[in-house]
Structures are given as C-alpha cells and as structure tokens.
Amino acid sequence: MTEAEAEKETVKAAPDLAALEQEGEIAADYVEGLLDIADIDGDIDMDVEGDRAVVSVVDVKGGDLVGPHGEVLEAIQELTRLAVHRQTGERSRLMLDIAGYRERRRTELTELGTKIAADVKRNGEPKPLQPMTPFERKIVHDAVAAAGLRSESEGEEPRRFVVVLPA
C-alpha cells in the first residue's frame, strides 16, 4: 500500500466530526419537538463520543420517557434515528439518553459482567444472561473481556442474550 493509499484509508476510517455534529443537531431538534408536543420540560445536551452522536435529555420534569427497562427510551431513540435518516439519507448510530438512564445502566451492566465473569472463572461453567438490547450486550461483552474471559450473543432479537464462557 502506498503512503497516499494509507492516508486515504486513515481518513476514511476516522469519523466525520461535522457530520456527527449535524446528526446530533437534527436529533436534538427532533427530540425537542417531541418534548414540546408532550408538554414535558427538559434540557438537551449534544456530544460526540467515538463514532456516534450522543443526545441527552437532562433535567426532565414530567412524564416517564424511559419506561420499564428503557423500552420507551429505545422507541424514542429509534424514532429519532429515523428522523435523522430522513434528513441526511444516512443510517444513524445515534445514542439517546434520558435522565441519565443509560449511564446508570452502563454502570450496572459493567458490574454484572464483572461479577458473572468471576463466577464463571470460579466454577468453569458457561452462564447465560437475560435478553438485552444491543447497547446492553456490548457493555457486558466489554466487561467480560476486561475480566479475561470471552462471551457470545445467542438467540434472535428481541430475545438475544449474552453467554459468558470459561477460558
């Protein structure tokens, strides 16, 4: 590979910050519209983390926009991704958080993955977990890998789950 080809590959692999910021702005406008329609107060923060736009609704007052097990949040995130796709023509990997739910869930799942990995190391038996969203499975996979074990996802959506495997 020539130096020019290598540079072109590097540029292609790097996330387009301007496009991600635009995605975040479109998403923030869409979510703000939903909040207005529902007459729910909340502030919106936008950020870019890695290769995805992140929109967070903070200081939410009124209404349960998370729902049981984050189901309402997941639905709003999908609608927001569709709104972004409609305007940009590109598939969105946008992450939406409401009232810090995803951050709390990330902490819980990291602890769960670490605990289950320790159990599997101790008893040598594979351990299947409950079905999870792709976001949740990724966090568990990362925690298990950090503990020195491997894991796999099995099943079909929406009942797809992680299995932690012994070394």
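Predicted model: local features only at pLDDT ≥ 70, side-chain atom pairs only at ≥ 80, totals over all residues.
Helix 3 covers residues 71–88. At 1.5 Å a residue, its 18 residues should span 26 Å, and the C-alpha atoms at its ends are 26 Å apart, which agrees. Seven names make up the buried set of this helix: Leu73, Ile76, Gln77, Thr80, Arg81, Ala83 and Val84. Viewed down the helix axis, these buried residues fall within an arc of 160°, so they line one face of helix 3. An α-helix has 3.6 residues a turn, so residues three or four places apart point the same way. On the other side of helix 3, the exposed residues are Glu71, Leu82 and Arg86.

What lies over the buried residues of helix 3? The cover includes helix 2 (17–38), strand 2, strand 3 and helix 4. After helix 3 comes Gly89, which has a positive phi, near 80°.

The structure has 11 of them. In one, Arg93 pairs with Asp51, and the closest N and O atoms are 2.9 Å apart. Are the two partners buried, exposed or in between? Asp51 has a relative accessibility of 45% and counts as partly exposed. Arg93 is partly exposed as well, with a relative accessible area of 32%.

Helix 4, which is part of the cover over helix 3, takes in residues 101–123. Glu108 is partly exposed, at 42% relative accessibility.

Arg105 has another partner. Its side chain meets that of Glu136 in a salt bridge, with 2.7 Å from N to O. This pair links distant parts of the chain, since Arg105 belongs to helix 4 and Glu136 to helix 5 (residues 134–146), 31 residues apart. Glu136 counts as buried because its relative accessibility is 8%, and the limit for buried is under 20%. Through shared partners, the salt bridges join Arg105, Glu108 and Glu136 into one network.

How values were computed
Residues numbered from 1 in each chain as written. Heavy atoms only, no water. Salt bridge = Lys/Arg side-chain N within 4 Å of Asp/Glu carboxyl O. Helix = DSSP H or I, 4+ residues; strand = E, 2+ residues; numbered from the N terminus. Buried < 20%, exposed > 50% of the residue type's maximum accessible area, 1.4 Å probe, protein only. Expected span 1.5 Å × (residues − 1). Arc of directions from axis to C-beta. Contact = heavy atoms within 4.5 Å.
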